[in-house]
Amino acid sequence: MSTQTQPVRQKSPGDWLTSGPLRFLVSIGVPVIAFLFLRWSFVLLRDQEANRILVAFIALTIGVFGVWILYLLTYYLTEQLPERLGERVRPFVFVGPAMVILFIFLLYPIGHTFYLSLMNADSEEFIGLKNYRTIFTDEQMLITLRNNGLWLISVPLFSVSFGLIVAVLVDRIGRWESTAKAFIFLPMAISAVGAGVVWKFMYFVRAEGEIQIGFLNAIITKIGGSPTNFLETIPLNNLALIIIMTWMVTGYCMVVISAGIKNVSTEVLEAARMDGANELQVFFRIIVPIIRPTLITVGTTVLIWVLKVFDIVYVMTNGRRDTQVVANQMYTELFRGGSVGLGSALAILLLVAVSPFIVSNVRELRRRRA
Amino acid sequence: MASVSYRNVWKRWGDVVAVHDLNIDIPDGEFLVFVGPSGCGKSTSLRMLAGLEEISDGEILIGDRVVNNVAPKDRDIAMVFQSYALYPHMTVYDNMAFGLRLRRTPKQVIDERVRETAASLGIEQLLDRRPRQLSGGQRQRVAVGRAIVREPAVFLLDEPLSNLDAKLRVEARTFISKLHQRLGTTFIYVTHDQVEAMTMGQRIAVLNAGKLMQIDTPTNLYDHPGNVFVAGFIGSPSMNFFDNSTLFEEGGKMIVDTGYFRVEVQKERHELYRPHLGKKVVFGIRPDNIAHSQFVPPGIIPAPVEANVDVVEEMGHEKILYLEEGGKTFLARVDPRSDVRVGQRTQVIFNMAVMHLFDAETEQALQ
């Protein structure tokens, strides 16, 4: 493999190849060889009988070097073009593949999903905006939308507030700061399903009179209360789920906000203290306004995550008892034999809802880099 | 307005002593400068007065109130920081009004005071701008404005000019001096730049390694440095020192032998120096007090010394000579018309009326 790449790498600048015929031969020959090699490797990879280790090795090398070879090759070909034309084509050689991949795996599916959202349950009949009408009129769907609204407001609010408070507090505990931060950030490293398992035990309930093994119910019964079924009691169950997500993302908020707070000059804080501000005033009138852009970015990022929330609900209640959210509903419709049309419409709805926040985040990122 | 006193003030960071038994009385309305190399404790001393740093030991008084346990906001002081520390999210107006608003000053009074102060500083056209839209010099003025608008009893400045370029710095120097004359408030100013200290301070406190080396008027510090450190720190180029000098008497004359050359001590100082005869001393003389033999100023007590010319720096209004004798280099600031060339052996004239002798052990001036 590496012997194959060697000549390509040397020839790609093309400057020592000044003689015409040789140049012509190479410009035909190298692509042909590369093509033949890639074709051979493709055939080999499909071969069920071939040596597993060899196949894995070839797959790896092609994954890494194949892309590299393709780039070098196309670059080499643009070098052969007349200078002005080559200059114009060259950017597309590098951006082109990315654009193609983006189109195949992103734009086309979006378009197709939109198309499906205008069709009926088994995608055979065009029904216009009827699926969308269902989303905004059906009683069950309205609960789903309401829940998403609830999530959208609570999770960013809770997680950014807690993150901010914790960030300010850990800033003052000195040498234990990084340890404390690591612990608070830890839930972020757990998958939502893992978090679900953790919180299943937090919320676990047994019939009254039995020993409660759920953390919360154990406490409640210990102090004389009666056990609560957190996940089945409306509307407590929605809050119970929201707490899980808050628990997961607060660490992220804290870390980002903490970095923002570190950027606030201590002299500015000292100036405010000398100007007569107490610690609360320093916090609300100096720190918070200065890190406001950070707070907004963190908030919108969490917002995007919340819009996509699926796994927590799927694992904990699967939408039972008025806890359904759009992403889980979409999954149910699309893959659990509901309606492909309705599921697609929900997907489009999610996409539309997320887009403005993504745009705002990208803008903010660009503004800060500038 | 208020006086300020440091009484046996110490600052320790664990085992490190940042400020060592500081005692200073600053009368009401004085412009005092803390000066010293970095890490000498000058900023720490100021920050303890501001309440931004705990006082490890001793007392600080503002007026006749001990402020050790008084919060910064209740000390009736204002401070200009090196970075200016303007609130980046507020306009200039809001920056200046912030302190007044926290004190619940009536809106009308705030407006009046902010506009008046801004006008007096020449920044009234900037009131709607934000700090990042201002130049360094403008920011510096806003920082000063924010401090004085509150009419504090004591005004603290922590290296306020070090972020300005050289030309602005000279302007800002006179600006701050004038401000002090106008307000008549106690100013305490921290700098590492002895030129700033000399030009602005009514009195200068020279600190080194956490200790107060000397506190006096600029002229007295220059003319009568109390020790080798102050002698070397104040004045530029700094004083020439000859460390291994000895003092002896010969035929009614008192002689300093530096090991490189000998110079005679003037009669008036014989009594003063007699106890130190035969001891190791440090002989010091400023480059300003070494003239070239071609242009000897009148009224000096001359002592000729021969030396080789190593480097000549032409400054236009003067020449700085780097002279070398027996491996020892010393500087002289001579008349620009002096005819000296590198490599030449030349004769320079020391003015013995203004030479300094220090005890080699204690580094204290022999006085």
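A loop residue and its surroundings

Tutor: Start with B:Y84, which lies in the loop between strand 6 and helix 2 of chain B. Helices (H or I, at least four residues) and strands (E, at least two) are DSSP runs, numbered from the N terminus. This is a predicted model, where local features need pLDDT of at least 70 and side-chain atom pairs count only at pLDDT 80 or more, while totals for chains, interfaces and linings use all residues. Residues are numbered from 1 along each chain as its sequence is written, and chains are lettered from A and ligands numbered from 1 in the order in which they are written.

The backbone at B:Y84 has a positive phi of about 75°, although B:Y84 is not a glycine. Is B:Y84 buried or exposed? B:Y84 counts as buried because 24 C-beta neighbours lie inside 10 Å. The cut-offs: buried means 20 or more other C-beta atoms within 10 Å of a residue's own, exposed means 12 or fewer, and partly exposed is in between, with C-beta atoms placed from the backbone.

Compare B:E151. This residue sits in the loop between helix 4 and strand 7 of chain B. Its phi is also positive, near 50°, and B:E151 is not a glycine either. B:E151 has 15 other C-beta atoms within 10 Å, so it is partly exposed.

Now take helix 4 of chain B. It runs over residues 136-148, and its 13 residues should span 18 Å at 1.5 Å a residue. That expected span is 1.5 Å times one less than the number of residues. The end C-alpha atoms are 19 Å apart, which agrees. Helix 4 of chain B is mostly covered, with ten of its 13 residues buried. Among them are B:R139, B:V142, B:V144 and B:I148. What covers them? The cover includes strand 6 (77-80), helix 2 (92-102), helix 3 (107-121), strand 7 (154-158) and helix 5 (166-183) of chain B.

Next comes the sheet. Six strands of chain B form an open sheet in the order 6-7-8-3-9-10, with mixed pairing. Two strands pair if DSSP finds at least two bridges between them. At the edges are strand 6 and strand 10 (211-216) of chain B, each pairing on one side only. Neighbouring strands of this sheet are turned by 20° against each other on average, direction ignored.

Inside the sheet, strand 3 (residues 31-35) and strand 8 (residues 186-191) of chain B run parallel, joined by five bridges. One detail: B:L32 has B:I188 in strand 8 of chain B as its bridge partner. Helix 4 of chain B packs on the sheet, where it touches strand 6 and strand 7 of chain B, and its direction makes about 175° with that of strand 6 of chain B. Axes are lines fitted to C-alpha atoms, for helices over the stretch in contact, and angles run from 0 to 180 degrees between N-to-C directions. In contact means that two residues have C-beta atoms, placed from the backbone, within 7 Å.

Step back to the whole chain. Chain B has nine helices and 20 strands. Its C-alpha atoms fill a box of roughly 80 × 45 × 35 Å along the principal axes. Of its 367 residues, 40% count as buried. Take contacts in chain B between residues at least 6 apart in sequence: 65% of them join residues at least 24 apart.

How is chain B divided? An assignment gives domain 1 (4-233) and domain 2 (240-359); such bounds come from an automatic or database domain assignment. The two domain centres of chain B, taken over C-alpha atoms, are separated by 39 Å. Domain 1 and domain 2 of chain B each give five residues to their contact. On the domain 1 side, these are three nonpolar, two polar and no charged. Nonpolar here covers Ala, Val, Leu, Ile, Met, Phe, Trp, Tyr, Cys and Pro; charged covers Asp, Glu, Lys and Arg; the others, Gly among them, are polar.

One more bond deserves a look. The peptide bond from B:S236 to B:P237 is cis, with omega near -5°. B:P237 is in the loop between helix 8 (228-233) and strand 11 (240-250) of chain B.
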